[in-house]
Amino acid sequence: MEMNFRRLLVAAAAALTIGATSARADLVFATDTSAYPPFTSRNAAGEWEGWEYEFMNALCAEMNEKCTMIAIAWDGIIPALLEKKMDGILGSMSITDKRKEVIDFSDMYYNSAAVIIGAKNGDMDFSPEHLSGKTIGVQGATIHQNYIDKYYVPKGAVSKAYQKQDEANADLAAGRVDYLMADGVALRDYLMSDEGKACCELKGAVPDDKEVLGYGVGVGLRKEDTALRDKINAAIKSLAAKGYFEELTKKYGLDGLMTLPPRG
C-alpha cells in the first residue's frame, strides 16, 4: 500500500501544476493547535518539529530573523492574524481566492494532492455518487471541508467537521465516520502509523479544483504587511535556488510527493 500511495502522490504532485543584512523585530508565526505530521507537531519534550517547522527556521535564517512558532486553533487563526496576535500563518494554509479577500499570502512553498481514505474493504470507488449516505470526516474551516460540501454533500453524503485532524483520524479508526478527506502527505503519515495500518487504506486523490483547493500553500499575512511579504518571497526564492526544498523533502522521505518552488 505504501508503494501505491507513493505512486499516487507522485502523479498528483506532477499534475499540480536574499538574505537581509539586518534583523527586524522578532517574528511570530502561528500553526494549528492540532498535530499535523509530518509538517508540524510537538515531541515528547514539547518542542516543535516537522517539515514545516524546519522550513520556518530556514526561512527566518535566510531573512536574518529570530522567529517563534505558536499554536492557535485553526478556525480562529485568520481572525488572530487580523487582530495582530502574530505576524503570519505558517501552518499548511492553502492559497485560495476566498481567503485572499481577507488576507494576503507569500508565494507558494509547497503543494500536494487532496485524498480520501477509508476502511480496509477493497472498495476503491470514492466518487460522490458512490459515497451517498456515507459520513465523511474533515477538519473544519479547511479547503477539504469546502470540497466535500461542494461535490459530495449534494450527492447525499454527510460532512462531519472536526476541530483537529487527529480527532477525525481517531473517529475513522473507531468506525464513527466512513471516510476522511485531507492532505495526501498528512494522511500518508497517518496510514503509516500503527492505528492507520490497522484500520484504513487510501481510496485515491480527488480531481483538482483550484477554486476550492487553491494554488498551493503559502504564508498567510495581513494585506498591509507588504514589506514582510516581499522579504519572505525573496527568502523562499533564495532557498529554492539553493535546492533547500528538495533536501528537506528528501530528509522526510517525501521526495516526489510534493510540488516545490522552482529553482529558477
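The largest nonpolar core comprises 52 residues, and W51, F55, Y109 and F245 have the most contacts inside it. Such a core is a set of buried Ala, Val, Leu, Ile, Met, Phe, Trp, Tyr and Cys residues joined through side-chain atoms within 4.5 Å. Apart from it lies another core of 16 residues, among them A114, L131, Y152 and M181. The model is predicted: local features need pLDDT of at least 70, side-chain atom pairs count only at pLDDT 80 or more, and totals for chains, interfaces and linings use all residues. Residues are numbered from 1 along each chain as its sequence is written, and side-chain values use heavy atoms, with hydrogens and water left out.

The secondary structure of the protein chain amounts to 11 helices and 12 strands, taken as DSSP runs (helices H or I, at least four residues; strands E, at least two) numbered from the N terminus. Because a compact globule of 264 residues would have a radius of gyration near 18 Å, the 18 Å of the protein chain agrees with that expectation; the radius is taken over C-alpha atoms, and the globule rule is 2.2 Å times the number of residues to the power 0.38. The C-alpha trace spans about 55 × 40 × 35 Å along its principal axes.

Helix α10 (residues 226-241) has 16 residues and reaches 23 Å from its first C-alpha to its last, close to the 22 Å expected at 1.5 Å a residue; the expected span is 1.5 Å times one less than the number of residues. Its buried residues are L228, K231, I232, N233, A234, A235, I236, S238, L239 and A240. Their cover includes β1 (27-31), α2 (51-62), β12 (220-221) and α11 (244-251), with contact meaning heavy atoms within 4.5 Å. Just after α10, G243 adopts a positive phi of about 80°.

Two disulfides are found, each a pair of cysteine sulfur atoms within 2.5 Å. One joins C60 to C67, with an S to S distance of 2.0 Å; this link is left-handed, with -100° about the S-S bond, and both cysteines are buried. The other is formed by C199 and C200, their sulfur atoms 2.0 Å apart, and is likewise left-handed, with -95° about the S-S bond. C199 counts as buried because its relative accessibility is 16%, and C200 because its value is 1%. In sequence order, the bonded cysteines pair 1-2, 3-4.

Technical notes:
Buried means under 20% relative accessible area, exposed over 50%, partly exposed in between (1.4 Å probe, protein chains only).
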